[in-house]
Amino acid sequence: MQSNSETPPLQASDDWPASRSEGMERLAHFVARAGRTYAAERNFDLGPDRRANVSVLSPYVRHRLVTEDEVVRAVLGTHSLSGAEKFIQEVCWRTYWKGWLQHRPGVWDRYVAEVAQLTAFAGSDRHLMDRLERAKSGATGIECFDAWANELVATGYLHNHARMWFASIWIYTLNLPWQLGADFFLRHLLDGDAASNTLSWRWVCGLQTPGKTYLARASNIQEYTGNRFAQATGLATAAPPASDAVPLERAKPLAPRGLQPECEIALLVTDDDLNPESLDLGRAEVTIAIVLRGTDAAPGYAANVATFRAAALDACGQRMARHFGCPVAAIDVSAADAAHRLTQLTRGLPIVVAQMPVGPTRTAVQPLLDALVIGGGTVHQLRRDWDHAFWPHATKGFFHLKDKIPSVLRELGLQA
Ligand SMILES: Cc1cc2nc3c(=O)[nH]c(=O)nc-3n(C[C@H](O)[C@H](O)[C@H](O)COP(=O)(O)OP(=O)(O)OC[C@H]3O[C@@H](n4cnc5c(N)ncnc54)[C@H](O)[C@@H]3O)c2cc1C
């Protein structure tokens with residue numbers, strides 16, 4: 001049982017300290033540039049040491065160490081909505097992808113199954129395996145692509161434009177399955193996210209916006225990397241859209257929003273939302289907080305990703321002990337006795353957890369919660385106001401949601 005604030009924090013990489021305070025500092029540092037400067041310069045990938053044109057907030061936003069609401073509120077404290085329009089739209093792309101996948105969980109399930117099938121197939125096809133290994137280890141001979149593969153593995157981050165070029169070259173020049181490229185990203189990105197990652201890869205190969213694909217061009221790469229790479233030769237010159245084996249499912253209605261119990265509760269925290277202090281708990285009283293670890297155990301995440309998450313969870317546990325003044329425990333959800341431990345620690349109290357969006361964490365945790373409910377317990381998944389307001393607009397294309405940004409920000413009290 002981890003129950004005090006004296007436990008020494010786990011260390012993540014020096015470049016990406018896994019704490020809320022680091023995320024808030026990055027936000028404060030970036031805010032001045034979130035206006036027209038961002039709109040003009042954001043597409044340049046000038047290399048790992050020159051990232052001032054983007055916020056590099058994604059690992060913090062991904063784990064909700066810093067929430068979208070906080071990011072947009074800070075930006076609107078300095079800029080008008082029209083001045084920071086581009087940046088706020090980018091933040092809303094994440095919201096859109098999350099909401100879209102929430103309406104179509106089957107797309108994630110199918111992706112997971114396809115990764116498993118393709119991985120098994122690659123295991124029996126030496127030629128495919130060699131090509132995959134060359135791509136992942138940066139040994140294809142395509143200078144820019146190899147540099148990005150190495151950068152991803154070494155740092156856990158890639159610029160957005162590099163992600164688009166990389167995915168396009170993976171699919172169209174190297175003729176590798178998009179699902180295995182998405183899997184490579186998901187396991188190495190510190191911001192690796194089921195929705196943003198899977199749906200961006202689907203977008204590059206033409207599954208997400210039917211008929212629309214993304215082709216990486218040598219001249220575009222040269223220009224937007226500030227001539228860091230000589231014009232690549234041999235890149236694919238066409239990007240034919242992929243077709244899905246199964247027709248796209250219709251958008252399912254969102255699950256009803258959980259209500260706050262007005263009593264003593266056990267608060268669960270997962271790596272999908274490490275900001276429990278700002279969760280609206282109403283009049284509930286937190287009697288015990290439980291950090292759920294090990295949700296990333298199954299697909300074999302890179303060591304820096306696993307360390308970032310473990311350190312962020314650990315730091316969150318310490319913050320909760322201070323904020324709620326309650327004992328804090330940790331459960332490894334991949335352990336055989338996880339359900340038993342959860343029952344023991346929660347002692348019949350209603351459980352509250354920030355809504356777990358579609359993705360690996362929900363897959364790992366939901367069965368534990370289901371078992372608890374079957375045993376007579378209650379679980380309240382609380383959807384944040386941000387998601388509650390935006391997600392209903394994420395059933396069609398992004399532009400449908402984009403049009404709603406001003407009115408939703410007003411509804412959320414972020415905009416007069
Ligand atoms: C193939 C591919 C895979 C991707 N995988 C992920 C992923 O796993 N996780 C992830 O968070 N983003 C992903 N993105 C989106 C985007 O590349 C990153 O969010 C962005 O590069 C993060 O850097 P930043 O924080 O400096 O972004 P900024 O440009 O400073 O943007 C601010 C914030 O807005 C959000 N954001 C910006 N652009 C996008 C976008 N296109 N889609 C969704 N959210 C966006 C992020 O939360 C980001 O932190 C992917 C894009 C592509 C093309």
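This is a predicted model: local features need pLDDT of at least 70, side-chain atom pairs count only at pLDDT 80 or more; totals for chains, interfaces and linings use all residues.
**Ligand shell and parallel sheet**

Four helices each put at least two residues into the shell around the ligand: H3 (58-62), H5 (85-103), H9 (160-173) and H11 (194-204). Helices here are DSSP runs of H or I with at least four residues, strands are E runs of at least two, and both are numbered from the N terminus.

Residues are numbered from 1 along each chain as its sequence is written, and side-chain values use heavy atoms, with hydrogens and water left out.

**Who surrounds the ligand**

- The ligand has 27 residues around it, and the closest are Tyr38, Ser55, Val56, Asn160 and Asp191; a residue is near a molecule if one of its heavy atoms lies within 4 Å of it.
- By type, the shell splits into 15 nonpolar, 7 polar and 5 charged residues. Nonpolar covers Ala, Val, Leu, Ile, Met, Phe, Trp, Tyr, Cys and Pro, charged covers Asp, Glu, Lys and Arg, and the others, Gly among them, count as polar.
- Domain 1 (20-102 + 389-411) and domain 2 (109-224) each give at least three residues to the shell, with bounds taken from an automatic or database domain assignment.

**Polar contacts and burial**

- Polar contacts here are pairs of N or O atoms within 3.5 Å.
- Ser55 has a polar side-chain atom 2.6 Å from a ligand oxygen.
- In the side chain of Asn160, an N or O atom sits 2.8 Å from an oxygen atom of the ligand.
- For Asn197, a polar side-chain atom is 3.3 Å from a nitrogen atom of the ligand.
- The ligand taken alone exposes 820 Å², and the protein buries 96% of that; these areas come from the Shrake-Rupley method with a 1.4 Å probe.

**The sheet**

- Five strands form an open sheet in the order S3-S2-S1-S4-S5, paired in parallel; two strands pair if DSSP finds at least two bridges between them.
- At the edges are S3 (328-332) and S5 (379-382), each pairing on one side only.
- Neighbouring strands of this sheet are turned by 30 degrees against each other on average, direction ignored; the axes are lines fitted to C-alpha atoms, and angles run from 0 to 180 degrees between N-to-C directions.
- S2 (residues 285-293) pairs with S3 in the parallel sense over 5 bridges. Across that pairing, Ile290 stands opposite Ala329, and Val291 faces Ala330.
- S1 (residues 264-269) runs parallel to S2, joined by 6 bridges, and Val269 stands opposite Val291 in S2.

Definitions and conventions. A polar contact is a pair of N or O atoms within 3.5 Å; within protein, one must be able to donate a hydrogen and the other to accept it, and residues adjacent in sequence count only if both atoms are side-chain atoms.
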